[in-house]
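Please examine the protein shown below. The paragraphs that follow lead from the whole chain to its aromatic side chains and then to its surface.

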Amino acid sequence: MKLKVKLSLGLWFLFLVSGALGVLGVYFLRELAQDSQDIIKANYESLTYVDELSSVIDAQEMKSSIPDFQQFESLLKRQEKNVTELGERDLTRQIRLGYEQWKRDTSQFQYLKNLRLPLHRIAELNREAIFRKSETARETADSALLLLTCIATFCLLVTFSFAVNFPSFIANPIRELTQKIKEVAARNYSTRLGFRSDDEFGELAEAFNTMAIKLDQWENSNLAKVQFEKRRIETVIASMPEAIIGLDDQRIILFVNELALGLLGMKESDLVGKYAPDVALRNDLLRTLLQEKAEDLPIVVDGQEQYFSREKQSVINGTTVIGEVIVLKNVTRFHQLDQAKTHFIATVSHELKTPISAIKMSLQLLGDPRIGSLSEDQQQLLSSIQSDTQRLLRITGELLELSQVETGNIQLQMASVNVQQIVQLAQESIQSTAQQRHVTIQVNRSESPLSVYADAEKTAWVLINFLTNAIRYSPEQSTVEINIQPLDSWVEFQVKDQGKGIEATYLSKIFDRYFQIPNGQGKTGTGLGLAISKDFIEAQNGSISAKSQGLGYGSTFAFRLPRVTSQN
């Protein structure tokens with residue numbers, strides 16, 4: 001039975017009991033009223049009529065005058081209409097007969113005496129009736145009182161039981177449900193509701209138990225384990241020393257650890273679930289992180305400038321990119337060490353360049369025939385020393401250029417420079433080296449004059465570096481080409497050799513600092529020349545590249561600089 005039906009039945013029961021009590025009360029009150037009315041209207045009025053009739057007879061006997069028949073007739077007619085008791089009608093008829101005789105012969109007073117007996121008898125009948133009806137009314141009142149008392153007591157007991165038990169009937173299941181919900185909240189999914197009924201509480205208990213079973217199954221399922229692992233990963237991410245920001249494939253921010261929040265200067269609620277480019281509009285650091293630049297980022301932390309390297313890692317599911325993770329590593333210590341290294345290299349290189357230059361000058365003097373002739377062995381030793389000295393000068397020069405690049409103190413003298421001037425400077429610098437290697441330098445350029453907006457000295461240094469490497473790795477009696485060609489708003493410089501070539505694996509790393517091809521080539525240098533060349537060209541808003549068709553097909557190194565047209 002439904003709880004609603006139970007409540008309705010209980011309330012209807014109380015309503016019916018209260019109604020029955022009211023109906024019985026009204027019924028008994030009407031009975032009492034009827035008994036009282038019978039006494040007043042019937043018996044009491046008969047006594048009144050009898051008294052008034054007796055008074056008329058008494059008056060007639062005393063006055064001996066004409067009797068008042070009209071009054072007597074009126075009272076008698078009322079009495080005749082008010083006959084209620086057994087025998088009262090015969091007595092009233094006797095009064096009528098005596099009255100008629102008296103009316104015919106008023107001189108006979110004996111007729112009046114004959115009227116007194118039936119009047120007296122009617123009075124006695126009505127007095128007896130009044131007493132009898134009074135007893136009946138009293139019995140009715142006692143019965144009504146007893147019955148109403150019993151019914152009232154019964155209603156009181158039922159109402160008291162309802163008032164005591166009904167709150168518990170409602171509150172106990174709710175209290176038990178509340179307790180079980182707290183147990184489920186504490187991850188105790190084995191708990192169950194024990195009450196059984198066919199009402200709404202029974203349905204609630206069944207639904208709750210079903211929910212607990214499902215939660216228990218979910219807790220022990222793979223999904224629960226995945227969720228647990230997810231929470232553990234989030235905990236690990238939060239405790240990592242790097243700042244981490246996770247994005248989905250729509251660039252919605254999924255998570256941000258505490259360190260990243262501190263660097264961004266924002267609350268987690270202002271980031272998680274938001275579209276990253278929208279947030280970046282009001283946060284400069286996030287806008288920088290979303291860009292593709294890879295240089296170290298200076299960020300002020302606790303009033304001190306620190307450097308962070310940025311790494312972007314795509315999250316791939318199969319072949320589909322489902323998001324990315326941005327990691328900021330604090331590289332301030334390494335940056336400081338790098339600065340110390342740069343200063344050390346600059347100092348050492350500068351200090352070494354002067355004595356090496358002196359050694360070179362001394363070697364030139366030793367090779368002068370005017371100083372004295374040398375034997376063939378001495379000439380070979382002198383040539384070897386000169387070669388090593390030249391190599392040391394080149395290395396110290398590269399280290400000095402590197403220190404200039406790393407400190408950001410590249411001094412550029414930007415101007416409109418004729419391409420022929422740059423090529424001529426480079427040719428003059430490597431002419432002797434090319435002759436020693438028996439390598440021919442071939443320049444291919446357009447007949448029309450070309451100019452670029454660049455630093456002539458730095459650009460010539462890059463071209464010299466390209467030519468030096470090309471000559472070094474080219475076989476004797478080969479040709480190194482310098483190709484100059486205009487490309488829209490650019491001028492491209494190409495140096496093409498006929499050397500061994502470069503494997504495709506190393507082309508992407510050829511401009512990295514200290515990188516040397518691990519096949520025996522390039523071991524005579526520092527691995528800095530191409531890296532410095534890249535910095536010089538990019539500082540002039542140009543681009544640099546290298547390509548090779550593979551081993552045995554030579555290499556081509558090129559850079560582009562902005563072209564200066566006649567309109568400019």
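**The protein as a whole**

Of the 568 residues in the protein, 35% are buried; buried means under 20% relative accessible area, exposed means over 50%, and partly exposed lies in between, with a 1.4 Å probe and protein chains only. This is a predicted model, in which local features need pLDDT of at least 70 and side-chain atom pairs count only at pLDDT 80 or more, while totals for chains, interfaces and linings use all residues. Residues are numbered from 1 along each chain as its sequence is written, and side-chain values use heavy atoms, with hydrogens and water left out.

The protein contains 15 helices and 12 strands. These are DSSP runs numbered from the N terminus: helices are H or I with at least four residues, and strands are E with at least two. When contacts (heavy atoms within 4.5 Å) between residues at least 6 apart in sequence are considered, 61% join residues at least 24 apart.

**Aromatic side chains**

How many aromatic pairs does a search of the whole structure find? The search finds five. Rings of Phe, Tyr and Trp (its six-membered ring) pair if their centres lie within 6.5 Å; planes under 30 degrees apart count as stacked, over 60 as edge-to-face and the rest as tilted.

F559 lies in strand β12 and F466 in helix α13, so the pair ties together parts 93 residues apart in sequence. F559 is buried, as is F466. One aromatic cluster is formed by F466, F493, F511, F557 and F559.

**The surface**

The protein exposes about 34400 Å², of which carbon and sulfur atoms supply 55%; accessible areas come from the Shrake-Rupley method with a 1.4 Å probe, and for residues only the protein chains shown count as cover. Is L16 buried or exposed? L16 counts as exposed because its relative accessibility is 54%. This residue, L16, is placed in helix α1 (residues 3-63).
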